[in-house]
Amino acid sequence: GTFIPCNDAITGVNELTWLAWKERLAAERLNRKSQVVLQLLAQSNFHWEETFWWLLARNFGIKVNADAFESIARSISITILAKHKNQIHQLEALLLGQANLLNATFTEDYPLLLQKEYAFLKAKYRLQPSPVPVHFLRMRPGNFPTIRLAQLAMVIHTSSHLFSKVLDTESLKEIRQLLSATANDYWHYHYRFNEASAYKKKPVGAAMIDNIIINTIVPVLFAYGSYHKNEACQLKAIQWLQQTGAEANAIVAGFAQLSIANSSAYDSQALLELKNEYCNHKRCLQCAVGNFILKRS
């Protein structure tokens, strides 16, 4: 079948129609994503930093471990993490322990240290480990939950009050720096415990940072702006999307074959919304591009 209903007619649509329609689509997508953020906000007792922490952790889990990572984040409040933010091994012990990754029999010093720290912290804060299992199957080692949790621990270790920084700074570059953490040196030689591997540093890569900006930072910022009727916040969220590279996925590639411009994450988010919410449901009469084509014919 064709990629979208107007496959053969879409190339003649003028630039102005596209510009206005993309703006509308991007706003619709951001509004839909903010609804999800605001539902979580209600669950966190209207605590923005906590809500942001849940979403950031979820994003680090990538698709496969998203639910597990959110469950881990919900199981340790950021108040507890803040108390231990200066000790990277305590942060790792908390995250990996709550993920049920410290239950094995270890021989190396580092996991033994984490195990000991975790036993102490678990008792001290009466922690309940996450009931959602993490998965290692069918994924690149760089996405293993051990590595992603170690990176997340390092982000907490190197940046305090991440969400207030998101609110206060105009500079996306600064946010990128805060996110570009490298997992602790034990992980230079490991992807999981008890299995040594060749030396390779494990930084949060540029593509992952873009992913976090698009799927966590921008939606939370936009939701905060809607909630507080703060247009400057919403505008900043949109500008940050425009300053972030376009996503690469099957939908974006489909539009590229039809020569539809896609120069930033703002464009790719608009195109995802168009395909999923309009084209897939044949809502051509509600679509500006569809209307343009129908009028022309």
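I started with K282, which is exposed, with a relative accessible area of 64% (buried is under 20%, exposed over 50%, partly exposed in between, with a 1.4 Å probe and protein chains only). K282 is in the loop between α13 and α14 (288–296); helices are DSSP runs of H or I of at least four residues, strands runs of E of at least two, numbered from the N terminus. Its phi is positive, about 50 degrees, although K282 is not a glycine.

Ground rules before going on: this is a predicted model, where local features need pLDDT of at least 70, side-chain atom pairs count only at pLDDT 80 or more, and totals for chains, interfaces and linings use all residues. Residues are numbered from 1 along each chain as its sequence is written, and side-chain values use heavy atoms, with hydrogens and water left out.

**Another positive phi**

I found F46 with a positive phi of about 60 degrees, and F46 is not a glycine either. F46 sits in the loop between α1 and α2.

**Helix α1**

I looked at E15, which is in helix α1. E15 counts as exposed at 57% relative accessibility.

Next I checked how α1 packs with α14: the angle is about 150 degrees and the axes are 9 Å apart (axes are lines fitted to C-alpha atoms, for helices over the stretch in contact, and angles run from 0 to 180 degrees between N-to-C directions). So α1 and α14 are roughly antiparallel (over 145 degrees; under 35 is roughly parallel, 65 to 115 roughly perpendicular, the rest oblique). T17, W18 and W21 of α1 make the contact with A288, V289 and F292 of α14, contact being heavy atoms within 4.5 Å. By class I noted five nonpolar, one polar and no charged residues there (Ala, Val, Leu, Ile, Met, Phe, Trp, Tyr, Cys and Pro are nonpolar, Asp, Glu, Lys and Arg charged, the others, Gly among them, polar).

**Helices α11 and α13**

I then turned to α11 (residues 231–242) and α13 (residues 265–278), which pack at about 100 degrees with axes 6 Å apart. That makes α11 roughly perpendicular to α13. I238, L241 and Q242 of α11 meet A265, Y266 and Q269 of α13. This contact has four nonpolar, two polar and no charged residues.

**Pockets**

How much space lies in the largest pocket? I read off about 1,300 Å³. A pocket here is an open set of points on a 1 Å grid over the protein atoms alone, where a 1.4 Å probe fits, with protein on both sides within 12 Å along at least five of seven lines; lining residues have an atom within 4 Å of a point. Of its 45 lining residues, N59, I62, K63, N211 and N215 are the closest to the centre. Helix α10 gives the most to this lining, with nine residues. By class the lining has 20 nonpolar, 12 polar and 13 charged residues.

The second largest pocket holds about 330 Å³. It has 14 lining residues, with E49, I78, S159, H161 and L162 nearest its centre. Helix α2 supplies the largest share, four residues. I counted nine nonpolar, three polar and two charged residues in that lining.

How values were computed
Grid points are joined across faces, edges and corners, and a volume is the space filled by probe spheres set on the points.
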